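Please look over the sequence and the structure first.

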Amino acid sequence: MDIKVTVNGTTHHLDVPDNTLLVDVLRERLGLTGTHVGCDTSQCGACVVHMDGTAVKSCTVLAGQADGAGVTTIEGIGRPDDLHPMQAAFRENHALQCGFCTPGMIMSAIDMVQKSEGRLDEAAVRDGLEGNLCRCTGYHNIVKAVLSAQDSM
Amino acid sequence: MATETGIGASVKRKEDARFITGAGRYTDDVGQHGQTYAVFARSPYARARLNGLDTSAALATDGVVAVFTGADLQASEVGDLPCGWMVKSKDGSDMVQPPHPPLAVSSVNYVGEPYAVVIGETLEAAKNGAEALDPDFEEQDAVVDLATAAEADQIHESVPNNQCYDWELGDKAATDAAFAQAHHVASIDIVNNRLIPNAIEPRAALGEYDEASGTYTLHTTSQNPHLERLVLAAFVNIAPEARLRVISPDVGGGFGSKIFVYAEETAVIWAAGQLRRPVKWRAERSESFLADAHGRDHVTHAELALAEDGRFLGLRVKNKANMGAYLSTFASSVPTYLYGTLMAGQYKTPAIYVEVQSLFTNTAPVDAYRGAGRPEATYVVERLVETAAREMGIDPAELRRRNFIQPADFPYETPVALTYDTGDYEASLDRALDHADYSGFQARREASEQGGKKRGIGFSCYIEACGLAPSQVAISLGAGVGLFEVGEVRVDVTGSVTVVTGSHSHGQSHETTFAQIISDKLGVPFENVTVLHGDTGRSDYALGTYGSRSLAVGGSAIIKATDKIIAKGKKIAAHMLEAKEDQVEFEDGSFNVADSNQSLTFGEVAFAAYVPANYPLEELEPGLSEKAFYDPPNFTYPAGAHICEVEVDPDTGVVTIEKFVAVDDFGHVINPMIVEGQVHGGLAQGIGQALLEHGVYDDTGQLLSGSYMDYTMPRADDLPSFTVDTTVTPCTHNPLGVKGCGEAGAIGSTAAVMNAVTDALGVKDVPMPATSETVWRALRNGGNG
């Protein structure tokens, strides 16, 4: 099938098999390998990207569902010398170790803060990160990072 | 030199810039033109004969390039996967090691064991081909239960009673005599539940073969690429080491599970040579559950003999350890030399006797997982000490205090083969008691009770032997490899520094910590130091990352190399300044002549070494690049006190961690921020074992907890924020005075949580994981889950 998808501001016209997943379009077709695959079953959240402004697990979105959509990946939110406040907060608070869950974690956290009504507290952040697994940090510093980023976002 | 980037500073990590922007480069991110895709066919049975395998339909599938079976690998003389540690039984006989072909040939012995690999032009083609394979399996009764495995059907022809070894450590007669004198004997029967490591990055491999040079290149998710290369060269017979390069790029967590050499990368690199094309494989999560080496899985009876005043007189441990279906790379060492040797804990127990029977079952191989043997040992000792305290009516903190090895006792030789160099266990406990507000516990417990809840507190004063390892000691105990580490410090022409270390980083932050050490020692700006690792083409033979060894062993190698740089720099400076070598001192990045104002910067000396105009070429080689191998004289002994306070809702059985305090002694700390992060992660895994995680097989050997829907990984809302702190007794035998921090959280915390849960419930034991269902049932039947 033919799809048109705008990723990080660039529009791509792609011919993909009907059963192609969005994550495979990003990783294999567009070379955006910052979005990771950790579980294939929509449980780990390493593949989270934004589709039309909402966090989605790109391993469970068909490329066809993204036809006409705007997708933002970790590569599209900031550069090393111009970090998104959430990226900066993760660095500042040592909220990552191996880095594998980090892109999905950051994309989920941005969505959580943007959608929050009023200030998030620790319990709300922990609840909001429930769809993202991290095996390295014990979440302690991730929670700190998200709480601090909401002030700078 | 205390600076903002030197030793002791919480410097932000160099690694982060790429990871937070999506620029990390993990194995699955590496692609090669013309690459093919591998899919493994895996046994659906726990135990079966493989009487035949019809590959014709698979080969006829669109896009399938090749199908390779176990027989194909055997015909090509691909060797078995070896175990690198020989353990001997009580009677002096060698452990029994069953054949372990990378792809099963005539029998399969666990669900998920690979028996063929299908290579396709696309992943989909390879999957379709794997579906079209027609194996002729004859299912047999599986041996699943560890406790009865010795009496069950024999799994491997060469392994009577399914026994790998029956090992012992310590003085049996002295221990029996101690028990005969006991005023009180506390005993426990406990199970250390099987865990599945679950690094979030699944294992992956990309094999390439270059026809022109005959060279193989393997990108893979390994914690120790040189070990991978050694095994593939020397045992599997892929190619000599000089024609085999193993690259571990960014690796997304390991926790032990990526130490081992597995079937998949072995088949991938071999197939790349057969096909003359790159072959790529990435595990799906279900494959990770089935075929990554699992951890723990012990069934243990243990007894502690005490005098009337609470002094420990003797400890007896009888343990069964599950090896799974085959011996993984270091499986044999985990329940023996990394377990029995830790049974003294922090205590002056004079007599200890440990017996370990390791058995095969039709389950995934079991090997080192974060802590590797030491969490299991800590669980035995600390559950037993807490049990004794309750039975004798002695405060558990006080009972520990009465038995601690005291600072004046070091070096302290334990009855189980280790010599602790240093420690101050009471200092850690006191600090932890403070943080935990132990004196306020009774009031909090009463408040909980008034709210209809039950509250408990639990301790764990753990010790670990890290910094693996003194090579001669390890080899004399059965290790098949040396356990030193290599470090290379290359000073560039303009004075920046490239460090090449054998210590692979997959979350541990070596790129930052090691740069801090170099910046501190050489006075070179932190940003001008780059640390390279993870490539056999870049560094000398190295041993890699496990056992909290990177700083204590890898860091020490770097210090040794740095000392050589400084020594050579002094010679160069002496020549340039026309001074005697012993008059030159190096401080804060400059070479100074004593009692004069003459000096040269580090950069000036480096430049002179590479542009040797004014240089003693007849006495000294040009260049400023040094390498060192460091073999530690002893293990390091991190230790600490963990205190957990829980509240239990008796109506639902839900356990909530109200407070978790960890006070650890890691010796000197290079980067406190990173060390705290390591502790947090370890705590999450230890708490996960206690409350959530369990690798469960049914009676037929099917893995019931084979997905994230069934295996409970700790999520953000399962855990509290932690209180972590450190005390410091510097290691006495390495140049940085460091002990290692990677595993402590996972070693100490599990016993603290379970001591708290059993305290809250008022029962002797609850099986792990203490899920709400288990706790709810325990409240109704007195502790039997």
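The points below go from the chain interface to the domains and then to one pair of helices. The model is predicted. Chain A is divided into two stretches, domain 1 (2-76) and domain 2 (85-152), while the assignment for chain B lists domains 1 to 4.

**Contact between the chains**

- Chain A contributes 46 residues to the contact and chain B contributes 44 residues.
- On the chain A side, the elements supplying at least two residues each are α2 (85-92), α3 (102-115), α4 (122-128) and α5 (140-152).
- The side of chain A that touches chain B consists of 20 nonpolar, 16 polar and ten charged residues.

**Domains of chain A**

- The centres of domain 1 and domain 2 of chain A, taken over C-alpha atoms, are 21 Å apart.
- In the contact between these domains of chain A, domain 1 has 14 residues and domain 2 has eleven residues.
- Two or more residues on the domain 1 side come from each of β3 (48-51) and β4 (54-57) of chain A.
- β3(A) provides the largest share of that side, with three residues.
- Seven nonpolar, seven polar and no charged residues make up the side of domain 1 of chain A that touches domain 2 of chain A.

**Helices α3 and α5 of chain A**

- The axes of α3(A) and α5(A) come within 10 Å and cross at roughly 40°, and therefore α3(A) is oblique to α5(A).
- The crossing of α3(A) past α5(A) is right-handed.
- From α3(A), Met105(A), Ala109(A), Met112(A) and Val113(A) meet Ile142(A), Val146(A), Ala149(A) and Gln150(A) of α5(A).
- By class, the residues of this contact between α3(A) and α5(A) are seven nonpolar, one polar and no charged.

**Domains of chain B**

- Domain 1 of chain B covers 16-22 + 484-630, and domain 2 covers 31-140 + 201-252 + 258-291.
- Domain 3 of chain B covers 144-191 + 294-405, and domain 4 covers 421-466 + 635-785.
- Between the centres of domain 1 and domain 4 of chain B, taken over C-alpha atoms, there are 40 Å.
- Their contact takes 14 residues from domain 1 of chain B and 16 residues from domain 4 of chain B.
- α14 (510-522) and α15 (550-577) of chain B are the elements that give two or more residues to the domain 1 side.
- α15(B) gives the most to that side, five residues.
- The side of domain 1 of chain B that touches domain 4 of chain B has four nonpolar, nine polar and one charged residue.

Key: Residues are numbered from 1 along each chain as its sequence is written. Chains are lettered from A and ligands numbered from 1 in the order in which they are written. This is a predicted model: local features need pLDDT of at least 70, side-chain atom pairs count only at pLDDT 80 or more; totals for chains, interfaces and linings use all residues. Domain bounds come from an automatic or database domain assignment. Two residues are in contact if their C-beta atoms, placed from the backbone, lie within 7 Å. Helices (H or I, at least four residues) and strands (E, at least two) are DSSP runs, numbered from the N terminus. Ala, Val, Leu, Ile, Met, Phe, Trp, Tyr, Cys and Pro count as nonpolar, Asp, Glu, Lys and Arg as charged, and the others, Gly among them, as polar. Axes are lines fitted to C-alpha atoms, for helices over the stretch in contact, and angles run from 0 to 180 degrees between N-to-C directions. Angles under 35 degrees count as roughly parallel, over 145 as roughly antiparallel, 65 to 115 as roughly perpendicular and the rest as oblique. A crossing is left-handed if the near helix is turned anticlockwise from the far one by less than a right angle, and right-handed if clockwise.
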